[in-house]
Amino acid sequence: NPGRYAVSVDYATTGLAGLVIDQKTYAVAHGQLVPGSAIPASFRNQTTRNGVERNSQVSYSANGAVQGSSSPAPSNVVAPEAARGTVDNLSAYLRLERQLATKGTCALTVPVFDGRHRYDLVFTDGGRQTLQPEGGQNFEGVATACKMTRYNRQVEEAEKDEGAQSGTIWCARLIPGSDMMFPVRMKLATSIGTVDAYLADLQSSKVNLKLRD
């Protein structure tokens with residue numbers, strides 16, 4: 001809807017990765033679009049990792065106040081003042097894509113609170129690069145590389161290596177006149193090794209791209 005957004009992730013490890021870490025995650029964020037950025041309103045995450053189920057939810061107020069909870073609760077709960085002004089991790093990447101389209105730079109630090117963990121996602125410029133088809137994806141063209149590094153602020157010791165710790169995201173302007181750029185490829189360092197991701201398709205009122213068979 002105009003001025004609003006929803007971002008969802010449905011993720012599961014399979015194959016050899018599933019033998020190392022058996023994980024299933026469903027997460028969804030809702031919020032408001034503003035020029036060059038995004039402001040979350042709510043976030044929830046349901047994850048099962050090696051048989052342990054976790055459920056988190058967060059509400060973000062317009063004045064910057066944040067209320068979140070996670071079940072089972074972490075041993076070191078993030079205080080409201082430490083969560084103030086944060087966003088969820090899905091909205092953090094949406095902010096990057098919208099800023100890149102309007103300002104042409106990846107340089108951005110986003111404070112993240114997902115109901116359980118408090119960390120910063122720091123994005124820096126990696127330059128413009130010409131991509132060739134690879135990994136079954138037929139995209140060929142110029143993309144902007146954004147480097148990502150995660151800095152933990154308050155995370156359970158046993159969970160500090162979960163998720164992507166660093167990586168590169170290649171974004172391109174796939175929709176003419178759009179106020180956001182889209183990630184066409186990602187290379188992320190995780191606890192199960194390097195993960196390569198490729199955009200498969202993009203559908204909108206202006207384009208219908210099939211980048212993988």
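**View 1. Met148 in strand 8.** At 1% relative accessibility, Met148 counts as buried, a class that means under 20% relative accessible area, with exposed meaning over 50% and partly exposed lying in between (1.4 Å probe, protein chains only). Met148 lies in strand 8; helices (H or I, at least four residues) and strands (E, at least two) are DSSP runs, numbered from the N terminus. The model is predicted, so that local features need pLDDT of at least 70 and side-chain atom pairs count only at pLDDT 80 or more, whereas totals for chains, interfaces and linings use all residues. Residues are numbered from 1 along each chain as its sequence is written, and side-chain values use heavy atoms, with hydrogens and water left out. Leaving aside neighbours within four places in sequence, Met148 is in contact with Tyr93, Leu121, Val122, Phe123, Ala164, Gln165, Ser166, Gly167 and Leu188, where contact means heavy atoms within 4.5 Å. The C-alpha atoms of Met148 and Asn55 are separated by 26 Å, and the two residues are 93 residues apart along the chain.

**View 2. The largest nonpolar core.** A nonpolar core is a set of buried Ala, Val, Leu, Ile, Met, Phe, Trp, Tyr and Cys residues joined through side-chain atoms within 4.5 Å. The largest one has 19 residues, and those with the most contacts inside it are Leu96, Val110, Leu121 and Phe123. At least two residues of this core are supplied by each of helix 3 (89–103), strand 6 (108–113), strand 7 (118–131), strand 8 (141–154) and strand 9 (166–172), and the largest share, 4 residues, comes from helix 3. Apart from this core lies another, of 18 residues, among them Tyr5, Ala38, Ala145 and Met180.

**View 3. The aromatic pair of Tyr93 and Phe123.** A search of the whole structure finds 1 aromatic pair, the criterion being that rings of Phe, Tyr and Trp (its six-membered ring) have centres within 6.5 Å, with planes under 30 degrees apart counted as stacked, over 60 as edge-to-face and the rest as tilted. The ring centres of Tyr93 and Phe123 are 5.6 Å apart and the planes stand at 75°, so the pair is edge-to-face. Because Tyr93 lies in helix 3 and Phe123 in strand 7, the pair ties together parts that are 30 residues apart in sequence. Phe123 is buried, with a relative accessible area of 1%, whereas Tyr93 is partly exposed, with a relative accessible area of 21%. Not counting residues up to four places away in sequence, Phe123 touches residues including Ala92, Leu96, Val110, Lys147 and Ile169.

View 4. Strand 8 and strand 9 pair in the antiparallel sense over 6 bridges, two strands being paired if DSSP finds at least two bridges between them, and Thr144 stands opposite Cys171 in strand 9. Strand 9 is mostly covered, with 6 of its 7 residues buried. The pairing of strand 9 with strand 10 is antiparallel as well, over 7 bridges, and the bridge partner of Trp170 in strand 10 is Arg185. Strand 10 (residues 182–190) is joined by 6 bridges to strand 11 (residues 193–198), which runs antiparallel to strand 10; these two strands form a hairpin with 2 residues between them, and Thr190 stands opposite Gly193 in strand 11.

**View 5. Met186 in strand 10.** The place of Met186 is in strand 10, and at 23% relative accessibility Met186 counts as partly exposed. Not counting residues up to four places away in sequence, Met186 touches Thr168, Ile169, Trp170, Val195, Asp196 and Ala197. Met186 and Cys171 are 9.0 Å apart in space, C-alpha to C-alpha, and 15 residues apart in sequence.

View 6. Arg54 is placed in strand 4 (residues 52–60) and is buried, with a relative accessible area of 12%. The side chain of Arg54 makes a polar contact with the side chain of Glu162 (2.9 Å), a polar contact being a pair of N or O atoms within 3.5 Å of which, within protein, one must be able to donate a hydrogen and the other to accept it, while residues adjacent in sequence count only if both atoms are side-chain atoms. Ser71 and Pro72 are among the residues that Arg54 touches, and a cis peptide bond joins Ser71 and Pro72, with omega about 0°. Asn50 has a positive phi of about 50° although it is not a glycine, and its place is in the loop between strand 3 (37–49) and strand 4.
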